[in-house]
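Here are a few exercises to work through with the coordinates open. Try each task on your own before you read its solution.

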Amino acid sequence: MSEFPRVSIATIGQYDGQVVRLSGWLYNLRRSGKIAFPILRDGTGFLQCVAVKAELAQDTFEAIRGLTQESSLTVIGKVRAESRAPGGFELDVQSVEIHQLVAEADPYPITPKDHGIDFLMDRRHLWLRSKRQFAIARIRHEVIRAVRDFFDNNGFTLVDTPVFTPAACEGTSTLFEVDYFEDEKVYLTQSGQLYNEANAMALGKVYCFGPTFRAEKSKTRRHLTEFWMVEPEMAYATLEDVKVLAEGLVLSIVDRVLDRRQEELKILERDVSRLESIKAPFNRMSYDAAVKILQSKGSEITWGTDFGNTDETLLTEEMDRPVLVDKYPTDIKAFYFQPDTDRPELALGVDVIAPEGYGEIIGGGQRIHDLNLLLKRLEEHQLPREAFDWYLDLRKFGTVPHGGFGMGIERTVSWMCGLNHLREAIAYPRMLYRTRP
RNA sequence: UCCUCGGUAGCUCAAUGGCAGAGCAUUCGGCUGUUAACCGAAGGGUUGUAGGUUCGAAUCCUACCCGGGGAGCCA
């Protein structure tokens, strides 16, 4: 068997006309008395094989006929261009080696038919094998690669921030307490931002990328308890610099997914034209203007409150690209936002709201660099100064205007894939009532 | 935490107070180009749990368990 080249489905077209060896799992099987069509998947794609009874040893054909879903096998066969096949190629089976035949008495539970979300989530470890989840996983990978490439190519240094943190980065959100360290309460991180600010003063432009934990009793399609976030931070940066960076990042992700993941987008039946229309410049407006637009569209929002999910959808309903909303009331933003020079009641924060109802994918802005103002804010927010001693040092030793943002990976992946729930954008989602598998 | 919807065969669902059903999956048989293949047959049920109303409950009532969607909060 070993003399034939070992190939993967993704690149099988390079072997047209050759006999090759392909290892994978049985995705589905259609058969009649004298011909069978096993569909194999190998983690790089899906391929239909053809087994004709008249051209095979009798036991080989019977073995193929008896294959059960998700049985593992290696097939030797000849690659043939086939215009009717989705990938353009088929494999004419010559022989087969079955590694494990899934028992008929205990068949693979996820059939090609419909299943409910509860059933599928309980079997997430198997659900990942299906075509749709395969496509999402590959797009997520591409999004993350695009993010890393974007920052790496623009002079940013990756500096990872800790997951165990001694205090809240932002006073509002609830934290997961970890009872382990002696004499000290420690929490799981909800943002690497404060550390990013220190790192930016050391390395200029930095980013961190890792998991984030929020102990909010959120129970919606747009929330996870554990999610991944990328957070850049730049020294000598203003709100405008942050906006330019955010726009550039989103554009590079969209371009990359469109460039390299067309096949996956097709599997997901994503309306690609909605992604192709994502071009610079993005829409830009102030919080003031956004509130007026929302009110004119019938929202009951009043100045001084934050947007709800329905407001975000309403605001972007006629837009073909994201919108950057900036200058929010200071009261609804975290303590560290730099106030606007002309109107101190406004914070120099910016959110990027994706179209098609995907909502806020980026939140950030310019940070306070003045020591006295920061001290005042800590007091106003009733935060313990001692916990922020090191953070205050950044304003004592060569402080400069700086800023950055956080982008939610799952929300971005959801948007790229056109998902209607965040839980499919991560392999093992952690939610209020879901911690297994 | 609150609001709301749901739980019936392995899966997806139907049955609205009167014999618990269909499609798919599984098993057996048929079929040489299928694309969630198709055709015929068979097996498969403590209707989430506990209690109540009723001649009679999947169906009505109460409590609990489990899950979906949404609100608030956020990325």
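A residue is called buried when its relative accessible area is under 20%, exposed when it is over 50%, and partly exposed in between (1.4 Å probe, protein chains only). This is a predicted model, in which local features need pLDDT of at least 70 and side-chain atom pairs count only at pLDDT 80 or more, while totals for chains, interfaces and linings use all residues. Residues are numbered from 1 along each chain as its sequence is written, chains are lettered from A and ligands numbered from 1 in the order in which they are written, and side-chain values use heavy atoms, with hydrogens and water left out.

**Exercise 1.** Find what share of chain A counts as buried, and how many helices and strands chain A has.

*Solution.* Start with burial: 50% of the 437 residues of chain A are buried. Next, take the DSSP runs, numbered from the N terminus, with helices (H or I) of at least four residues and strands (E) of at least two. Chain A then has 13 helices and 16 strands.

**Exercise 2.** Determine which residues of helix α1 are buried, and what covers them.

*Solution.* Within α1, residues 58-65, the buried ones are Thr60, Phe61 and Ile64. They lie on the same side of α1 because they cover an arc of only 95° around the axis, taken from the directions from the helix axis to the C-beta atoms. The face turned away from this buried side carries the exposed residues Gln58 and Asp59. Finally, look for contacts (heavy atoms within 4.5 Å): the cover includes β1 (19-31), β2 (35-41), β3 (46-52) and β5 (89-100).

**Exercise 3.** Describe the surroundings of Arg395: is Arg395 buried or exposed, and which side chain does its own side chain join in a polar contact?

*Solution.* Locate Arg395 in helix α12, residues 389-396. With a relative accessible area of 5%, Arg395 is buried. Its side chain and that of Glu197 are joined by a polar contact of 2.6 Å. A polar atom of the Arg395 side chain also lies 3.2 Å from the backbone oxygen of Tyr391. A polar contact is a pair of N or O atoms within 3.5 Å; within protein, one must be able to donate a hydrogen and the other to accept it, and residues adjacent in sequence count only if both atoms are side-chain atoms.

**Exercise 4.** Which residue does a cis peptide bond join to Ala280?

*Solution.* The partner is Pro281, with omega about -5°. Pro281 sits in the loop between α8 (272-276) and β12 (283-286).
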